[in-house]
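Please keep the structure in view while working through the numbered points.

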Amino acid sequence: VVTYNIMIKGYCKSGRTRDAKGKLREMKMKRVGPDKITYLTWIQACYWDEDIASCVSLFNEMVEKRLEIPSHAYSLVISGLVKEGKCYEGFAVFDCMVKNGCKANVAIYTALIDALAKSGNGEEAMKFFERMKDEGCEPDEVTYGVIVNCLCKAGKLDMALEYLKFGHEKNIRVNAVVYSSIIDGLGKGGRVDEAEKLYEEMLDKGCTPDSYCYNTLIDAFTKCGKIDEALTLFKRMEDVGCDQTVYTYTILISGLFKEHKTDEALKMWDMMIDKGITPT
RNA sequence: CUAAGAGCUCU
């Protein structure tokens, strides 16, 4: 079994799923029963192929065969399900995990919180966040990213700022994702000055803004008519070596057109093409 | 077996 597992894994990793399937058939013919590692490897391969239906059926086979289910397997199946928007089914697998006495890790909790938030159950997401902490699982910077984004999208900006503070207090390595979410929220809520302050705060705290941070702030500036500030940031991106993406250009082109600066908009387009950036 | 979870443009 071990040799077969290693072969199957090798094939999957090099993208030769077909050969892997062949080895699996060979196992069955030689009556070598697949074990939990075989299943785990196979579920991982299906996950990489974005074939979640197969992940689930393999998982169900494991349950039927009463195989011990590794937490990796739960993690992959739950992440796969919620990625497809199947929040309810994700929770069914979670319940199954709890029943089997397997402890969920921070990634599983975070994926489920995000799934609740994205399906419009912001309140439930916050409750589940509390439950996670009650059950002794420490949230990390990704969890905070999900929570803050959830609050921003619900327009609860002040609460998002509170959670940013909590994160700092708990010594979470608050990263650019959290900042970009709030900058975006503030910008879209018309609180551009605060968005700019937050950008400065992150510099003060030694957190390097990435292209998402710049793009959200540039977007905020263009939408309130501050095109010059937007262009200043665009230049700063260049100066500090932050990648200008198709989002950066799209936001600026749109802003320039809105200000009737058609020539500059067209120049921006050419600049984008020159840099080898493909418009979407 | 070492994976697995978050953010930006138009709609």
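1. Helices (H or I, at least four residues) and strands (E, at least two) are DSSP runs, numbered from the N terminus. By this numbering, Ala220 is found in helix 13, which spans residues 211–223.

2. This is a predicted model, in which local features need pLDDT of at least 70 and side-chain atom pairs count only at pLDDT 80 or more, while totals for chains, interfaces and linings use all residues. Residues are numbered from 1 along each chain as its sequence is written, chains are lettered from A and ligands numbered from 1 in the order in which they are written, and side-chain values use heavy atoms, with hydrogens and water left out.

3. Is Ala220 buried or exposed? Ala220 has a relative accessible area of 5% and is therefore buried (buried means under 20% relative accessible area, exposed over 50%, partly exposed in between, with a 1.4 Å probe and protein chains only). Leaving aside neighbours within four places in sequence, Ala220 is in contact (heavy atoms within 4.5 Å) with Gly187 and Val192. Ala220 and Lys188 are 32 residues apart in sequence, yet their C-alpha atoms are 6.6 Å apart in space.

4. Aromatic pairs deserve attention next. Rings of Phe, Tyr and Trp (its six-membered ring) pair if their centres lie within 6.5 Å; planes under 30 degrees apart count as stacked, over 60 as edge-to-face and the rest as tilted. The structure holds 11 aromatic pairs. One of these is formed by Phe59 and Tyr74, which are edge-to-face, with 5.7 Å centre to centre and 65° between the planes. Phe59 lies in helix 4 (residues 52–64) and Tyr74 in helix 5 (residues 71–83), so the pair ties together parts that are 15 residues apart in sequence. Both Phe59 and Tyr74 are buried.

5. Why is the pair of Phe94 and Tyr109 edge-to-face? The ring centres of Phe94 and Tyr109 are 5.8 Å apart and their planes stand at 65°, so the pair is edge-to-face. The pair links distant parts of the chain, with Phe94 in helix 6 (residues 87–99) and Tyr109 in helix 7, 15 residues apart. Both Phe94 and Tyr109 are buried. One aromatic cluster is formed by Phe91, Phe94, Tyr109 and Phe128.
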